[in-house]
Amino acid sequence: MTKELITGMKLHMEKSVESLRKEYQRVRTGRATTTLLDDVRVDYYGTPTSLSQVATLAVPEPRTITIQPWESKLIPAIERAILKSELGLNPMNDGKLIRLMLPALTEERRKDLVKGLKKQAEEAKVAVRNIRRDAIEGLKKLEKDKKITEDDLKRGEKEVQDVTNAETAKIDEVFGHKEKEVMEV
């Protein structure tokens, strides 16, 4: 019984870490990446469609993203979608290709980004701790209902704490990697 509870808890914690990774992918650093455009939706014949489904995205240079629409008549719709997004990027087109130039980040902006990243990491840690609390409560309930022994409870609590420590370390690692990426000049 404790194995199922701990396995379920570990899966929930891993989802929290994965969610943090996905949030971090959306953060604009000084380097271009096509994941910045993951949330951009283009009006494609009346249907909001992901940009990657109507164009080829590429990063030819560290601060440039190119968008090659599959149909040239989509260029104005793509430009509108990018301008409407909260990316703060100004699309430039030559009739066939749209270029997005990412401006270099100022030192102040980098520090602000790191503060936001730290806050997100802390929220992920809180989520992991809440999952830990729920798992320990579940173990105590099993012990109270005489489904596990007191020794099983202690072993289970130790295992829960070990998993929590491992997931918290992963969060710190993800944050440290993204912080380094943001602070790079």
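Predicted model: local features only at pLDDT ≥ 70, side-chain atom pairs only at ≥ 80, totals over all residues.
Figure 1. Tyrosine 44 is partly exposed, at 27% relative accessibility, whereas tyrosine 45 is exposed, with a relative accessible area of 58%.

**Figure 2. The loop position of tyrosine 45.** Tyrosine 45 is placed in the loop between β1 (41–44) and β2. The phi of tyrosine 45 is positive, near 50°, although this residue is not a glycine. Most residues other than glycine have a negative phi.

Figure 3. When neighbours within four places in sequence are left aside, serine 50 is in contact with Asp38, Val40 and Arg41.

**Figure 4. The largest nonpolar core.** This core has 27 residues. The residues with the most contacts inside it are Met9, Leu20, Tyr24, Val160 and Ile171. At least two core residues come from each of α1 (2–25), α3 (107–144) and α4 (150–183). Helix α3 gives the largest share, 11 residues. A second, separate core has 21 residues, among them Leu51, Ala55, Leu87 and Leu100. In soluble globular proteins, nonpolar side chains tend to be buried together.

**Figure 5. Contacts of leucine 20.** Leucine 20 is one of the residues with the most contacts inside the largest nonpolar core. Apart from neighbours within four places in sequence, leucine 20 is in contact with Gln120, Ala121, Ala124, Ile171 and Val174. Of these, Ile171 is also listed among the core residues with the most contacts.

**Figure 6. Lysine 146 in the loop between α3 and α4.** Lysine 146 is found in the loop that lies between these two helices. Its phi is positive, about 60°, and lysine 146 is not a glycine. With a relative accessible area of 73%, lysine 146 is exposed, since the cut-off for that label is over 50%.

Conventions:
Residues numbered from 1 in each chain as written. Heavy atoms only, no water. Buried < 20%, exposed > 50% of the residue type's maximum accessible area, 1.4 Å probe, protein only. Core = buried A, V, L, I, M, F, W, Y, C linked by side-chain atoms within 4.5 Å. Helix = DSSP H or I, 4+ residues; strand = E, 2+ residues; numbered from the N terminus. Contact = heavy atoms within 4.5 Å.
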